[in-house]
Amino acid sequence: VQLVESGGGLVQAGGSLRLSCAVSGHINNIYAIGWFRQAPGKEREFVSKIYWNGGRTDYGDSVKGRFTSSRDNAENTVYLQMDSLKPDDTAVYSCAADLSQYRVGYDYWGQGTQVTVSS
C-alpha cells in the first residue's frame, strides 16, 4: 500500500485547509486510514481515523468539531478537512494505513505534508 499526502501549506488562524491522502496498491486489505500529526519537539498525535468499509470516523479530542475526515471511493482518496485552524495545529500531517482490526498499529505511512497556521 502506498500513501501520498498533499494539500498542506500556510494559512492564517481561523482559516481552512483540506489535506488529501491518495491510496494505491492492495487497497482491498485496508481496514482504516488514520491521520496523525507531529510538531517539532512533540510526540506524534492521533488526529482522525476513517474506516475503509462503512466510513465511520473517530477524532482526537483536540480536533473534534473542527476537522472532518471523508473518503472518495472512486478516487481511492481520503480527505481531512480542517476548519477553524489554530496556531497549535501547526505540524507535519501524515496519513497511515491500518490493515488489521485485530491488532494495534498502522502498517504503511505517507511522507507527510507541512501545515503551518500563523497567528
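Ser-94 counts as buried because its relative accessibility is 13%, where buried means under 20% relative accessible area, exposed over 50% and partly exposed in between, with a 1.4 Å probe and protein chains only. The model is predicted, so to speak of local features takes pLDDT of at least 70 and side-chain atom pairs count only at pLDDT 80 or more, while totals for chains, interfaces and linings use all residues. Residues are numbered from 1 along each chain as its sequence is written, and side-chain values use heavy atoms, leaving out hydrogens and water.

Let's stay with this serine for a moment. Ser-94 sits in strand E9, residues 91-98; strands (E, at least two residues) and helices (H or I, at least four) are DSSP runs numbered from the N terminus. Beyond its neighbours within four places in sequence, Ser-94 has contacts (heavy atoms within 4.5 Å) that include Glu-5, Trp-35, Phe-36 and Trp-109. Tyr-31 is 63 residues from Ser-94 in sequence and 17 Å away in space, C-alpha to C-alpha.

Now for the whole protein chain, which has zero helices and 11 strands.

| Property of the protein chain | Value |
|---|---|
| Buried residues | 42% of the 119 residues |
| Contacts joining residues at least 24 apart, among those between residues at least 6 apart in sequence | 52% |
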